[in-house]
Amino acid sequence: MKAIKIAGLLLTLLAVSGCGRIASPGDLLHAPNLVNEEQSLYRAVQPFLPAGYQLTTPDQSDQGSAIRLADLDGDGEPELIVSYKKPDTDYEVNIMILTKKGDTWQKADQITGSAMDLDYLSVKPLLHQSSSELLLGYDSGGSGLPRELFVYSFVNGKAKELFHESYDQIAVGDLIGKGLDQIAIVPPNADAEDPHSQIRLIGEQNGALGILAKRQTDGSVLDMHIEPASASSVNGLFAQVMSTTRSGYGILLTWDNNKLVNLLSLSQQSYDKRLSRKSLKLEQPDDHPDLSATENKWWIDYPAKNRDVDGDGIWEVALPTPVPSLEKPSGTPQLWSDSYYRWDGKSTMTFVEDRFWQWGYDLRIPSRWLGKYEIELPNEQENTASEVRFVYMTNDPNNSETPKAIPLLTLRQMTAEAWDMLEPLLENRQDEYVVLSNTRVITPGSSSQVTIALLPQDNAGLTGEALQNYESLRLTLDEVRQLAGIDTDDEEEASRDVEKY
Amino acid sequence: MLKSIRGRLLLQIGLLLLTIVLVLEVVFAAAVSTYYFDSARQIVQSRAVTAATLSNQFMEGYTLPERARYILENLVPGESSRVEVLDLQGRTVVDSYGFSSEKRVRTADVRAAQQGGVGSYSGYSDAFKQRIMAVSSPLVSYGEVIGTLRFSVSTEPLYTEVAKLIGWAIAIGAAVLLLGFGLSLIIARQIVGPIKELTVISRKMATGDFTVRAVRQHDDEVGTLADSLNHMNEELSKSEKMKNDFISTVSHELRTPLTSIKGWGETLVVGGLDDEPTTMQGLSVITNETDRLIGLVEDLLDFSKYQAGEIKMRSVPVDLNLLLQQLDLQYSWSGNKRGVTLHTFLPEDPLPMHADLNRLKQVFVNLLDNAIKFSDLNGEIRLTASREDLQVHVSVEDDGEGIPAEDLEKIGRRFYKGSSKMSGSGLGLAISKEIVRLHGGRIRIESEYGVGTTVTVTLPLAVDDDLSHSGVKAHTTISNE
């Protein structure tokens, strides 16, 4: 009996001591601890930030962190730059610069800008290759209001304003190729009615920042970037001008013989060859101060994004091109692909690839299809927007007079409910398909949409050469995934390190 | 060990407890970890989905960096998750610590979000050198996924907590096992202890020590065993006493006739055979005493046969009335030395039954002899038979010295002779009882000390009355003996 009492006591003790400390799952959750440098940087800035601070990030930047390391003064020791807002002041953005003294970080200077948000932040060498300047662009908040660019140098632990300019568009990069960066800006229009705008190139001039070149345009400038333009590591300024005369044109400005020139000088004759999706021959680069002076242009029917489409580090220029479509009664929309061209460093734009954009899906058209496929939209009016079919055109084996369209790939968008009904059917028939996107339960009010790519199941009774051709065009599921840019790599958790400038 | 009750108890209870504890532990562990990890995932998921929904609703049309900034600036104070905004390539636009990264996050949750769904992921993160759980929700602008909002938490505290709880559960389970083991030891001791004591006692009893007594500790089966052991002991000691009594009685009974035989034998040897009358008297005494000895020995033989169960009744249909009438004649006619008169009251009708008449006669002779023996000189005894339904009561009544109340119970046990000084083996009534029992009847003795004794034999009758013939036959058999 004594043993029972003792055991009971023990059990009670166990229960009390053990159960008293049971934590609920919610209490236990905390963010994974930062490791390595991030943690030390995050801790380092805490003592200098006011209570209730909010970290803020720039909309455009060479590196989007709110806390970043960069060597401003060129002493080999990076400074710590923190952008934040104070809780009680709405119209203020603060940039704090910390320097490292020994093992501790100390506040060196603070720049306070009167603005809603930080639009731009980068650290670039503008005047000397050894040190860098801090470029800050403030956003006043309204869409029509100009943004303000301030350039600071950091000398002897203090930030010194070097330059100040309003801007509408900004791009920074080494256009000249001498190890220093230049700032390309489009100043805001003084008069809202005036469609003309300017591109100014600002850079080192006799030890200070000055305007190196200007280009007049007859429309608004969009999507301006300074990026590598050719394999010979020449940078170019990519932009699009939405002109008032025709829909618009793309420009690629480079620095050539101390002049700013537009490479995309395309004669009408060359331009008309774009449907072939072959390389395009360029005319002599255009160095006229007014870009609207010549009609030799890279005409675009809508603004397609210039980008590094093939991931080789060199940017390509987009050229919207109609896709080959089966003849349709009028009223059917014209479908476009974005054709991408890369500058060969001389006077040719090399065709890289075709992108077909549909329902948020950016499908690369396989190069072996080029010239051999057409696009077919279903006849049913209501379904026009929900299905696109890539077809192979051949003569009907039974009736050589009538051409026949054999599907190569079908893109179809449908509601989630329709997909729920279709999926088992496809599984049953063992059809090959890829789900490209499945937007469920994200935005209330918007219906869930599912986009799939369907592959044909047979060769539609083709024979001979037609069959051979058709088979060579057919895609595998993996190819479709690759073309649609769906990740097929093994999953992994990115290991993190602070981006070093 | 398994040959003892204690070992079996320990093993069985131990195994049972172990099974129960193990099953409970497994269920508990599964339930706890499911609860913790599912709850955590739900919490993180609800936060991620809420934040992404808000952003999708109110910031449609904004660029991803703008939305990232808004999310960063409007984090809940003390947000317990790490919040990341990832672009379509999985690069961190910004996280809740204000850092961005060019490294691509490509876990399952991010892929799901890039496809437009809400995904979750648990696993080891090389970046944080710990296990994490992450939930990603897509950031959508005009129906197009532009990025991913990812909430991640460390799952190490969950693992720690779950491990702690399971550890406690194992500790408690071990404690329960120990407790159960201890309890079963106690139980085993409580069961086995008394049994061991009883074993010692019964061994002592076996060696003939009738003074020992088993102590009844609990009112249970072992207690009952102790009681019956004690009872057995009492009976054994009684038997022992009875045996001793019997031996002395029988020795005495055997010696008395032997003494007179020897006396007369010596007288005859010494005196010669000249005096014929004396010689004749001596021889007659020797003969009589020898008869007594034979009778005594026959009684003993009979009794031992009854005890061994060797006596079989040869039941045949008979009429009891005839037997009783015959006895009446025998005793009335022969008379006896004590001058006791027999009065017989018998029914007119026959009393049919299945019985071994010789044995029944032995019973009644014994009863009548006893009655005569214990009657006063020239007293009277009464033999009465009365029928009641299918039973017959035959009583033998005397006006003799009677039996003291304390002896009444023991009458009829073997070798019991009562306090009377009369001679006899003490077997007669015991044998009679056995015979009557074998006939399906019983003997009842009523007596008042100093007034008289009535012995009633109750016997079952046969159903059919058609026995007169066989009854006569039985009667004939008896007369022939």
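My notes on two chains follow.

Ground rules first: this is a predicted model, where local features need pLDDT of at least 70, side-chain atom pairs count only at pLDDT 80 or more, and totals for chains, interfaces and linings use all residues. Residues are numbered from 1 along each chain as its sequence is written, with chains lettered from A and ligands numbered from 1 in the order in which they are written.

**Chain A.** I looked up the secondary structure and got seven helices and 29 strands (DSSP runs numbered from the N terminus, H or I of at least four residues for helices, E of at least two for strands). Of its 501 residues, 35% count as buried (20 or more other C-beta atoms within 10 Å of its own; exposed is 12 or fewer, partly exposed in between, with C-beta atoms placed from the backbone).

**Helix 3 of chain A.** I found A:Glu38, A:Leu41 and A:Val45 buried in this helix, residues 36–45. Down the axis they fall within an arc of 70°, so they line one face (the arc is taken over directions from the axis to the C-beta atoms). The face turned away carries exposed A:Gln39, A:Ser40 and A:Arg43.

**Chain B.** I checked helix 1 (residues 5–58) against helix 4 (residues 156–206): their axes come within 9 Å and cross at roughly 165° (lines fitted to C-alpha atoms over the stretch in contact, angles from 0 to 180 degrees between N-to-C directions). The two helices are therefore roughly antiparallel (over 145 degrees).

Terms used: Parallel < 35°, antiparallel > 145°, perpendicular 65-115°, else oblique.
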